[in-house]
Amino acid sequence: MVEINSKWKLPDVGMAKKAILARTTNKIKNLAINKAPYDTGILRKSITTDITTNYGKVGVGGDIKYAKIQEYGGTIRPKNKKLLAWKTKGGKWAFAKKVTIKPQPYLMPAGKQIANEFPDILVAELNKTTK
């Protein structure tokens, strides 16, 4: 989860504060969508924002169990059986004792990239409110 909140000590400039948070979180969301691994598109469609006057969040909504392992990587092992089983894209069954997923970060890199742009976003939004 990438979160932008009042810890950044945004000036209390009324609706400009919410506009700054909205613009920033939406930029992170759009970048994360472009960076997210793509197979069915469900992961990309599940990236959401939550914006109030005090904070903005970008995260994965719904019950997307594989979102975290796509971001950070990890190993999947069977819980109740000896083997994992899944259908391949070709329709055949595959089996394994474990599957290791390489990290494919999409949320954190998006947040870090936009954090570097944050001062410019702040200035642009504040300039809009003073016109």
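A: The answer below treats the pocket and its lining. This is a predicted model, in which local features need pLDDT of at least 70 and side-chain atom pairs count only at pLDDT 80 or more, while totals for chains, interfaces and linings use all residues. Residues are numbered from 1 along each chain as its sequence is written, and side-chain values use heavy atoms, with hydrogens and water left out.

A pocket is an open set of points on a 1 Å grid over the protein atoms alone, where a 1.4 Å probe fits, with protein on both sides within 12 Å along at least five of seven lines; lining residues have an atom within 4 Å of a point. The largest pocket has a volume of about 350 Å³, a volume being the space filled by probe spheres set on points joined across faces, edges and corners.

Its lining consists of Tyr 66, Ile 69, Gln 70, Ile 76, Leu 84, Ala 85, Trp 86, Val 99 and Ile 101. By class, 8 of these residues are nonpolar, 1 is polar and none is charged; Ala, Val, Leu, Ile, Met, Phe, Trp, Tyr, Cys and Pro count as nonpolar, Asp, Glu, Lys and Arg as charged, and the others, Gly among them, as polar.

Helix H3 (67-72), strand E5 (84-87) and strand E7 (99-101) each supply at least two lining residues, and E5 gives the most, with 3. Helices (H or I, at least four residues) and strands (E, at least two) are DSSP runs numbered from the N terminus.
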